[in-house]
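Visitor: I would like to go through the side-chain contacts of this model. Could we begin with the charged pairs?

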Amino acid sequence: AFRALLPAARTSGDRDYLAQLLTQIARAQGLQMKFDDAAKTLDEAESLLTGEMKVARVRLLLERGRVLNSSKRREESVPLFQAAWDLAREARADRFAVDAAHMLGIVESGDKSVEWNRTAIAYAEASSDPKARAWLGSLYNNLGWTYHDRGEYATALDLFRKALAAREAEGKRPE
């Protein structure tokens, strides 16, 4: 579907839109385990960026980090997610800041993982951006499983209840 948008994006003259579209094509390539293709697509997106394209740069950083993480280069992804977190907050792009903190929660381990998950939750809870707040169900659920795996069942249950409430508030019912 993203590739179908590509010809019009290329002729639109909107470099920001094209760069962001390319990051999403790279994301799909990464999910398909086509890591070299994803890297080339991200290189093209990066070549379009100018200093004022902060959201496009955040998305580029997020997708480069995801490709590295998925290709078993987790340690290399950390600084990219950290940079995405910093730039997204600077740009007031809350949904991407939450995404970056969420990814740091995935790539870090132990207490750092919990800290990043809690940071993502706090940021999403404080945001007025509905797309940032839409992360809450997933964030509560992910952190709940972390506590479950640690044997901290009461904390896990509390987080699972919050996840359910967040999903129900979005109109999503358990299947």
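**Charged and aromatic contacts**

Guide: Searching the whole structure gives 12 salt bridges, each being a side-chain nitrogen of Lys or Arg within 4 Å of a carboxyl oxygen of Asp or Glu. The model is predicted, so local features need pLDDT of at least 70, side-chain atom pairs count only at pLDDT 80 or more, and totals for chains, interfaces and linings use all residues. Residues are numbered from 1 along each chain as its sequence is written, and side-chain values use heavy atoms, with hydrogens and water left out.

Visitor: Which residue forms a salt bridge with Glu63?

Guide: Arg27 does, with the closest N and O atoms 3.7 Å apart. Glu63 lies in helix H4 (residues 54–70) and Arg27 in helix H2 (residues 15–31), so the pair ties together parts 36 residues apart in sequence. Helices here are DSSP runs of H or I with at least four residues, numbered from the N terminus.

Visitor: Is Glu63 buried or exposed?

Guide: Glu63 is buried, with a relative accessible area of 3%, whereas Arg27 is partly exposed at 31%. Buried means under 20% relative accessible area, exposed over 50%, and partly exposed in between (1.4 Å probe, protein chains only).

Visitor: Changing topic, how many aromatic pairs are there?

Guide: There are 3 aromatic pairs; rings of Phe, Tyr and Trp (its six-membered ring) pair if their centres lie within 6.5 Å, with planes under 30 degrees apart stacked, over 60 edge-to-face and the rest tilted. Among them, Trp85 and Trp116 are edge-to-face, 5.5 Å centre to centre with 85 degrees between the planes.

Terms used:
Helices (H or I, at least four residues) and strands (E, at least two) are DSSP runs, numbered from the N terminus.
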